[in-house]
Each structure stands twice: as C-alpha cells, then as structure tokens.
Amino acid sequence: MCGIVGFVDKRFLPPDPEGVAGAMADHMRRRGPDAGGVWGDAEAGVFLAHRRLSIIDLSPGGAQPMVSADGRWVISYNG
C-alpha cells in the first residue's frame, strides 16, 4: 500500500514547506519504497507527498502526486 501525506496551512507555512512534506513522506518510506514525490503550492498553503509501492504499473506514468494536463488539478491516491 502506498503512503500519502500532506498539509494545508495558508497562514503558518514552515520555512521549507516542500522539505517538511518530503520529510513526512520519507518517514513512511516502508509504505512505498519504490518512489516518492512532492507537490506544493505555497500561495495556497497546500502540500502533498506520496511514497509509491509499484506492484502492477512500474512505469513513470504512475508517479505521484499527479498533475492534470492543464495544471489545475493535483491528486495523490492509492489505486
């Protein structure tokens, strides 16, 4: 099972929010030892991080968090 973490805090972002999200994901590396990714929008105060366990889809197309083609939507899920 993959690991998903994130936070939303527009008013009180840490000095390195992407680093914090990455550290949160690294803490659960055992949940997804194959890959990891971080996405963030500092202006909105939203950060997502994902640890990937590749079982069926081993391609880079399964990398997460996933961003839509137009950049408007971002998801991280265990599918």
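Reader: Which residues are linked in a network of salt bridges?

Author: Side chains of opposite charge can pair when their charged atoms come close. In this predicted model, the network links Asp 26, Arg 29 and Arg 51.

Reader: How many salt bridges does the count come to?

Author: Two. One joins the side chains of Asp 26 and Arg 29, at 3.2 Å from N to O. Another joins Asp 26 to Arg 51, with the closest N and O atoms 3.9 Å apart. The cut-off is 4 Å, so that pair is counted.

Reader: Where do Asp 26 and Arg 51 lie?

Author: Asp 26 sits in helix α1, which covers residues 17-27. Arg 51 sits in strand β3, residues 46-52.

Reader: Is Arg 51 buried or exposed?

Author: Read the relative accessibility. Under 20% means buried. Arg 51 has 6%, so it counts as buried.

Reader: Now the rings. How many aromatic pairs does the count come to?

Author: One. Phe 7 and Phe 47 make up the pair. Their centres are 5.4 Å apart, with 25 degrees between the planes.

Reader: Why does the pair count as stacked?

Author: Look at the angle between the planes. Under 30 degrees counts as stacked. Here the angle is 25 degrees, so the Phe 7 and Phe 47 pair qualifies.

Reader: Which parts does this pair tie together?

Author: Phe 7 belongs to strand β1, residues 3-8, and Phe 47 to strand β3. These parts are 40 residues apart in sequence, so the pair ties them together.

Reader: One more residue. Where does Met 66 lie?

Author: In strand β4, residues 66-67. Met 66 has a relative accessible area of 25%, so it is partly exposed.

Reader: What is Met 66 in contact with, leaving aside neighbours within four places in sequence?

Author: Contact is read from distances between heavy atoms. Met 66 touches Gly 61, Trp 73, Val 74, Ile 75 and Tyr 77.

Reader: What separates Met 66 from Gly 36?

Author: Along the chain, 30 residues.

Terms used. Residues numbered from 1 in each chain as written. Predicted model: local features only at pLDDT ≥ 70, side-chain atom pairs only at ≥ 80, totals over all residues. Heavy atoms only, no water. Helix = DSSP H or I, 4+ residues; strand = E, 2+ residues; numbered from the N terminus. Buried < 20%, exposed > 50% of the residue type's maximum accessible area, 1.4 Å probe, protein only. Contact = heavy atoms within 4.5 Å. Phe/Tyr/Trp six-rings, centres within 6.5 Å; stacked < 30°, edge-to-face > 60°.
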